[in-house]
Amino acid sequence: MTAGLVVYRTPVAELLPLFDLLQSEGHFSAVGIFDNGNDAMLRDEVMRRGWHYLQAGQNVGFGAGHNRIFAAIGEAGHYHLIVNPDVSWHTSPVPVLLALLQQHDKLAAVMPDVFASNGQRQYLAKRMPSPQVLFGRRFGVFARGSQRVMAAYELREFSFACPAVVPIISGCCMLCRGTALQQVDGFDEGYFLYLEDYDLCRRWRIKGWRVAIDPAARIVHGHARSSYRWGKPLYWHICSAFRYFSRWGWWQDATRSAGVEPLPGKD
């Protein structure tokens, strides 16, 4: 099993707790860190741990960074953890996620239940979005019934009592099957930041794979929601939304109604 993080100008001191968690796991044959900020201190820390340090001399984006990590250290027949720098845990989610993937051959990836540092659940497993949901959520221009629409988008009806297949899982923490990543050539690098995980889940789906959430695994996630700030993050989010809907449909999208499903059986 391998693991990868894409980092952009996160102070090394803030990364050390997650680095220590990963190093203490014992599950990983290799860990790759892709540095989009060309930080010499980060390079030194990664190499001190015996991990793989990668960079391209420029910021290539989230998905492109993860693709380069998987190309360098991933193994198609094994498993690969994608995790964000702002993630932590009290009990490792990896054994639970791995067990679910091993039990269900048609799962491409599985995510844990996600909580903020204050203990509130972050509803990051979602239905496939509509333009009204994404743009309305960002700019606060919802019509009547918006609470019901958002609850459906965020799968608020899900009980979190047991694992289940969901339409979209979050790239903040997902354990992926190497063969599934390889089959779709990883993330679409046309997304610089935001929605690349949504697109990946959809491309897996049309290949016959499914993605799932296992609430028995839990993590804490910073979830800064940087796309809600003006400037480049907002620009990247809008660009990604246009790419996503241009590919999957602005007004007509037959799979947008998909919700929580039972886990697939073993082959």
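This is a predicted model: local features need pLDDT of at least 70, side-chain atom pairs count only at pLDDT 80 or more; totals for chains, interfaces and linings use all residues.
The secondary structure of the chain consists of nine helices and nine strands. Overall dimensions and surface are summarised below.

| Property of the protein chain | Value |
|---|---|
| Span of the C-alpha trace along its principal axes | about 55 × 45 × 35 Å |
| Accessible surface | about 12,200 Å² |
| Share of that surface from carbon and sulfur atoms | 52% |
| Residues that count as buried | 53% of 267 |

The radius of gyration is 18 Å, which agrees with a compact globule, because a globule of 267 residues would have a value near 18 Å. Among contacts with a separation of 6 or more, 79% join residues 24 or more positions apart.

The largest nonpolar core comprises 74 residues, and the members that touch the most other members are Ile33, Leu81, Leu175 and Trp204. Strand E6, residues 107-115, supplies the largest share of this core, with six residues. Apart from this core lies another one of eight residues, including Val6, Ala30, Phe34 and Ile73.

The surroundings of Leu175 can be set out in detail. Leaving aside residues up to four places away in sequence, Leu175 touches Met1, Tyr79, His80, Leu81, Val94, Leu97, Leu98 and Leu101, together with Ala108, Ala109 and Val110.

Terms used: Residues are numbered from 1 along each chain as its sequence is written. Side-chain values use heavy atoms; hydrogens and water are left out. A nonpolar core is a set of buried Ala, Val, Leu, Ile, Met, Phe, Trp, Tyr and Cys residues joined through side-chain atoms within 4.5 Å. Buried means under 20% relative accessible area, exposed over 50%, partly exposed in between (1.4 Å probe, protein chains only). Helices (H or I, at least four residues) and strands (E, at least two) are DSSP runs, numbered from the N terminus. Contact means heavy atoms within 4.5 Å. The radius of gyration is taken over C-alpha atoms; the globule rule is 2.2 Å times the number of residues to the power 0.38. Accessible areas come from the Shrake-Rupley method with a 1.4 Å probe; for residues, only the protein chains shown count as cover.
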